[in-house]
Amino acid sequence: MRNEPRMIAAAAVFPERRFPLAVIEQQRHAPTTIHHHEFQELVVILAGQGRHITDRETHLIAAGDVFMIGRTEAHAYADTRDLSLVNILFDLRRLHIPLADVGGISGYQALFRVEPKLRRHAPLQGRLRLTADELANAARIITRLRTELARRHPGYRFAACAGLMELILFLSRCYSRDQTPESNAILRIGHLLSHIEKHFAEPLRVPQLARMARLSESSLLRAFRTVLGTTPLDHVIRVRIAKASELLRHDDIRITEAAFQCGFQDSNYFARQFRKVTGRTPRQFRRDTHGL
């Protein structure tokens, strides 16, 4: 009978239960047994080489490789030779880091959303490998982040979150730097998601989105089901509702105007979709967030 992967609990990693962010640098990393964890893990390979193993694939890793391990994704390391890496461990949902703007970068979508999901279903090509200069810059950002977490000076949580945001932005830009959507299937879907983030108020149809991703409509539907657990059009609606929520939370704007600005031409349809996604009507949402 196959042994279940070892689970690493969040409580064993994060010193503060309410601040799920930690950085662990491992020199001469030894092979590991298969395991998974209750949080997300961003891996940056600093030196050496080895093999990274998941349920679906085994691939060689070397200095400059960067990849995300999703929550509960089983993985292990083998054949490590002078392998040095950094694990940035976090739970973005509980850190409440604003990601709306970075969502418009195709590299962010590819590295942090698409790749971890697709890897669970099939072997992947086109991962991120940093150049020597990019790796040195990433290492400097990580060092500042580690220093804030270690010293715990007043305001360190704020500074640590800022450091994580800087790292996410830098790596997202690196992913997009010289890879083209045409040559990288992961980046094609990432590019599509970033396009939706930037053009959510415009008419968006499945045939148009499929052409942009260079996929058949059926392949596009499968990709969205795999990555996001929904259809392309349902994802568009969720993005529009998220943008409308921001308007209603922060701006003195009429509900009908918020609906139109976010791509809804029918205010009644907007209200139904808003309640379906958030569990509240737009008026209830505004009242609750404004304390009225």
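What follows is a report on selected residues and on the largest pocket.

This is a predicted model, in which local features need pLDDT of at least 70 and side-chain atom pairs count only at pLDDT 80 or more, while totals for chains, interfaces and linings use all residues. Residues are numbered from 1 along each chain as its sequence is written, and side-chain values use heavy atoms, with hydrogens and water left out.

Burial follows relative accessible area, computed with a 1.4 Å probe on protein chains only: buried is under 20%, exposed is over 50%, and partly exposed lies in between.

| Residue | Relative accessible area | Class |
|---|---|---|
| Ala 10 | 15% | buried |
| Thr 72 | 41% | partly exposed |
| Asp 79 | 45% | partly exposed |
| Ser 84 | 5% | buried |
| Cys 174 | 4% | buried |
| Pro 203 | 58% | exposed |

Leaving aside neighbours within four places in sequence, Ser 84 is in contact (heavy atoms within 4.5 Å) with Glu 25, Gln 26, Gln 27, Arg 28, Val 44, Ile 45, Leu 46 and Ala 47. The side chains of Ser 84 and Gln 27 are also joined by a polar contact of 3.2 Å; such a contact is a pair of N or O atoms within 3.5 Å, where within protein one must be able to donate a hydrogen and the other to accept it, and where residues adjacent in sequence count only if both atoms are side-chain atoms.

Asp 79, although not a glycine, has a positive phi of about 50°. Thr 72, in the loop between β6 (65-69) and β7, is likewise not a glycine and has a positive phi of about 70°.

Ala 10 sits in the loop between β1 (6-8) and β2 (21-26), where, not counting residues up to four places away in sequence, Ala 10 touches Glu 38 and Phe 39. Ala 10 and Val 44 are 34 residues apart in sequence, with a C-alpha to C-alpha distance of 20 Å. Pro 203 belongs to the loop between α5 (185-198) and α6 (206-213), and its contacts, leaving aside neighbours within four places in sequence, are Gln 208 and Arg 240. Between Pro 203 and Phe 264 there are 61 residues of sequence separation and 9.5 Å in space, C-alpha to C-alpha.

The largest pocket has a volume of about 1,400 Å³. Of the 33 residues that line this pocket, the closest to its centre are Leu 92, Arg 93, Leu 99, Tyr 108 and Arg 113. A pocket here is an open set of points on a 1 Å grid over the protein atoms alone, where a 1.4 Å probe fits, with protein on both sides within 12 Å along at least five of seven lines, and lining residues have an atom within 4 Å of a point; grid points are joined across faces, edges and corners, and the volume is the space filled by probe spheres set on the points. At least two lining residues come from each of α1 (92-95), α2 (106-119), α7 (217-228), α8 (232-250) and α10 (267-278), and α8 gives the largest share, 9 residues.

Key
Helix = DSSP H or I, 4+ residues; strand = E, 2+ residues; numbered from the N terminus.
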